[in-house]
Structure formats: structure tokens, C-alpha cells
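Reader: I've got a model open and would like to talk through how its pieces pack. Can you walk me through it?

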Amino acid sequence: MILILLLYALCASTFTICKAVLMFSKPIFYVAIRMLIGGSLLYGYYIATNRKKLTIDPRDWGLFLQVIIFHIYIIYVLDLWALQYMTSITSAFIYNLTPFISALFSYFWFNEKITGKKALGLALGAISLIPIFYQCSCSAGALSSYGYFPYIAMLLAASSGAYGWILLRELIKNRHYSPIMVNGLGMLGGGAAALFTSWGFEHWDTVAPVSNLWPFLQLTLLIVITGNIFFYNLYGYLLKRYTATFLAFAGFTCPLFAALFGWLFLGESMSLDLAYSGILVFIGLYLFYQDEL
């Protein structure tokens, strides 16, 4: 159980670190550098240890391309852009809707059944968005400069991430590819796409859109270690000991850790609106996974 708490503490820390790094870098450029470094490390390790297993079936190229687009590029570009206009705590709460979105994708992709309890859980997950959007409508300053768009972008990022996990499940479980290989290639491709996007849409004042190089490098290295390496590998290790259902349900602890880290390191506070959303999400997850189990 301690390792599960560590898993979601690592996950929550990525929201805090990402929020901090935005003080020193443009968001899309940061996504590019993070993914290129993380992808190089993962795929380099895979090549060094699996020299005879580097081929990809041409029939699976489309799935790998979708991993690059949905599992890396869309999710992180939208996530980091939207994170500029909300707290890391709010971001973590929106991402906690991923299990509900994954259930909808699984219904269409794998023909998995949605029972009455699951449907009720999904409905509560959707309702939990109302307090978040209400908070957005009442906020002022930078948080309201783009209206609801940052929140919609974050929800789209969570949806893209949920679809990305479906793609990974297909490639790893059914097509028998290594998760290190899939993630490594996805990060490299997504990072390259993000770099071109940053060059085209973000204003590069100097060599790169970074205001303070040393903190940027420190925070980027920190999140590559915690998010790209330790979190992904620990999740894979725990899947061998616990069911995916239990791990997903335990993910409710992620926004709680994010709230703690945001309060400790960023001076953020959690509003009652977010607390109401958290309660609705928890009840929805409980109903959904009670039926799943």
C-alpha cells in the first residue's frame, strides 16, 4: 500500500513541478524538451537491452502514430497551456475524471458493458465538473481572461490521455510490444511535434523561450525523473501485484497529494467548489469500481 501512495504522490508532484516550471519557460517548449529527454532515455535503454526486438509490424504504425498524437502531444500541449490559467490542484481534480472517460472509450473500443451503477458513477463524474466551471465563472484576473477555454482544454487533455491509455493497452497487451518501447517512441515523436509547434507559435526571444535557464533545467530534469521514469515504471510494476481497477480507484489520492504540494510549495489554496467536486468524483468512482470489482 505504501508503494501505491508513493505512486500517486509522484503523479501529484508532476502537477506542482509543471506549474513551477511555467515561471521560467513557455509551456509548449517545455513539453518538447521534457519529452525529448524522457523519450531518449527510455528508448535508448530499450535499444541497449533489446537489440533483436526493434521491429514494428507495418499494420501497427497507425496505432503508434496515434500514441504520439493523443498519448503525448495533445495531452501535454493542452495541459501545459491550460495550467497557466488555473491552479495545479484544479488541474489534478480534472484529471481525476480520466477513469470515467476511459470507461466510455472502453465501451466503444472493447465493447465493455456499462451497468446501472457504472452509468450513475459516470453521471456523477460529469456533474462534478459543475462546481469547477462555477469557480471559473466567479474568478477574476488571469484566471478569467480566457473564460472557460483553459478548463475545456484541460478536460480535452484528460480525454486525450484516457484514449492514450486505451491505445497503450492495445499495443502492450494485445500486440505484445514493450511498454518502454511504446512510451519511448511516443515521447520522442510527441516531443519533436511540440518543438515544431513551439517554434511556430511561441515567441522565441533568444535561442529558446526560457527566461531563466538553470531553474528550467533543474525542474525539467526533476520531472523527467519523477514522471517519465519512476512513475511509468512503478505503475507497470504495481500492475503485476494489483488489479488495474484497484490502482485506478486509488488514483483518487492524487488530487489530495496535489492539494498538499500546491499548498506547501506554491501557496495555493483549495476552494469549497473543488472540495464539492472531489466528493462527487469520489462517490462516482466508488460506485463505478464497486460494480467493477
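Reader: What is the handedness of the crossing where H4 passes H8?
Author: This is a predicted model, where local features need pLDDT of at least 70, side-chain atom pairs count only at pLDDT 80 or more, and totals for chains, interfaces and linings use all residues. Residues are numbered from 1 along each chain as its sequence is written, and side-chain values use heavy atoms, leaving out hydrogens and water. Helices here are DSSP runs of H or I with at least four residues, strands are E runs of at least two, and both are numbered from the N terminus. A crossing is left-handed if the near helix is turned anticlockwise from the far one by less than a right angle, and right-handed if clockwise; for H4 passing H8 the crossing is right-handed.

Reader: At what angle do H4 and H8 pack?
Author: Take axes as lines fitted to C-alpha atoms, for helices over the stretch in contact, with angles running from 0 to 180 degrees between N-to-C directions. The axes of H4 (residues 88-95) and H8 (residues 149-174) are 9 Å apart, and the angle is about 45°.

Reader: Which residues of H8 does H4 meet?
Author: Contact means heavy atoms within 4.5 Å. From H4 come Thr90, Ser91, Ile94 and Tyr95, and they meet Tyr151, Met154, Leu155, Ala157 and Ala158 in H8.

Reader: Is Ser91 buried or exposed?
Author: Ser91 lies in helix H4 and touches Phe15, Asp79, Leu83, Met86 and Met154, leaving aside residues up to four places away in sequence. Buried means under 20% relative accessible area, exposed over 50%, and partly exposed in between (1.4 Å probe, protein chains only). With a relative accessible area of 0%, Ser91 is buried.

Reader: How many of the eight residues of H4 are buried?
Author: The buried ones include Ser88, Ala92 and Phe93. H4 is largely enclosed by the rest of the structure, because the buried count is eight of the eight.

Reader: How far apart are the axes of H3 and H4?
Author: Helix H3 (residues 61-83) packs with H4 at an angle of about 145°. On the H3 side, Ile75, Asp79 and Leu83 make the contact, with Ser88, Ser91 and Tyr95 on the H4 side. As for the spacing, the axes of H3 and H4 are 10 Å apart.

Reader: How many helices does the whole protein have?
Author: Of the 293 residues in the protein, 49% are buried. There are zero strands, and the helices number 13.
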